[in-house]
Amino acid sequence: MSTANRKYKDSVFVDLFSEDEKAKENFLSLYNALHGTTLKDTTQLKTVRLDQVLYMSFYNDVSYLVENKIIVLAEHQSTINPNMPLRCLEYVSRLYETLFESKEKYSRKLLNIPTPEFYVFYNGIEDYPKTTMLKLSDAFVEKVGEPSLELTVKVININQHDKHPILANCKTMKEYSIFVETVRRWKELDQINGFQQAIEECIANNILKEYLKRKTKEVLNMLLAEYDYETDIAVQRAEEHEIAFAQGIEQGIEQGIERGIEQGAYQKARETATAFKRLGIDIAKIAEGTGLTVQEVEALN
């Protein structure tokens, strides 16, 4: 699909925690909630997010360098992708490449590299545990006691009804969760003006009020871009199913033809063997000539 080559577009999640003028404050609040800290100085944060990430390569990423750690955040509003550890491995490898020059990696001095942490915030409609750990080693073909390579992604369910502690400890995340649920509800009620209605309701209920009032137009555009992304993915999956179905039919036809030829040849061998048997020809010779077994020839009438 041509949309697969579309450049990365920020989502509300990314803007709120990475791009907005108050993004660092929002992220620091979330970081404190995750680590039980009370950091307040946003100058401690350094954005290390990759530039020009392809539209469908790593969607909804937020990356910061703080307290000698690389914190990578992602959001899922659909089913959790079990391949997130592999995707995070590729992603953090590229981040490390931006932090160190190639020659540094070959020096005799041990490099001190930031410790990575990976989080996925889930707010989809399917039931999901409050907290889940996804491990890279779960995908290994051969399981070993202590894998030489491991990467763990922590999945946190931020739906309101699941009441994860992160919602009580981070006001921005709690309000964002309510915002997502409001957008989802209005999108079902009004396909044309639903996004606008959702924003207005949230402002009226003091949900991300300052942010939404300041960036109403931008948020609308981001919601439309996210909707287009979800539509692209759904269409692509449908096309993949159609291709797989067509390939299945084609394979079935080929296999059917092969079976038909095999069955036809087998039936012809039986007819020939029957005629020879009636002429009194030795059964062993009939079997050798037709390719049937001695038992099959003996069973013929």
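**View 1. Pairing of strand β4 with strand β6 in the predicted model.** Strand β6, which covers residues 152-157, runs parallel to β4, and the two strands are joined by five bridges. Within this pairing, Val120 has Val155 in β6 as its bridge partner.

**View 2. Pairing of strand β3 with strand β4.** Strand β3, made up of residues 69-76, is joined to β4 by eight bridges, and these two strands run parallel. One of the residues to look for here is Ile71, whose bridge partner in β4 is Glu117.

**View 3. The crossing of helices α1 and α2.** The axes of helix α1, residues 12-19, and helix α2, residues 23-35, come within 5 Å and cross at roughly 95 degrees. Because angles of 65 to 115 degrees count as roughly perpendicular, α1 and α2 are described as roughly perpendicular to each other.

**View 4. Residues at the contact of α1 with α2.** From α1, the residues Asp15, Leu16, Phe17, Ser18 and Glu19 take part, and they meet Ala23, Asn26, Phe27 and Leu30 in α2. Sorted by class, this contact of α1 with α2 comprises five nonpolar, two polar and two charged residues.

Key:
Residues numbered from 1 in each chain as written. Predicted model: local features only at pLDDT ≥ 70, side-chain atom pairs only at ≥ 80, totals over all residues. Heavy atoms only, no water. Axes fitted to C-alpha atoms, helices over the stretch in contact; angles between N-to-C directions. Helix = DSSP H or I, 4+ residues; strand = E, 2+ residues; numbered from the N terminus. Parallel < 35°, antiparallel > 145°, perpendicular 65-115°, else oblique. Contact = heavy atoms within 4.5 Å. Nonpolar A, V, L, I, M, F, W, Y, C, P; charged D, E, K, R; others polar. Pairing = 2+ DSSP bridges.
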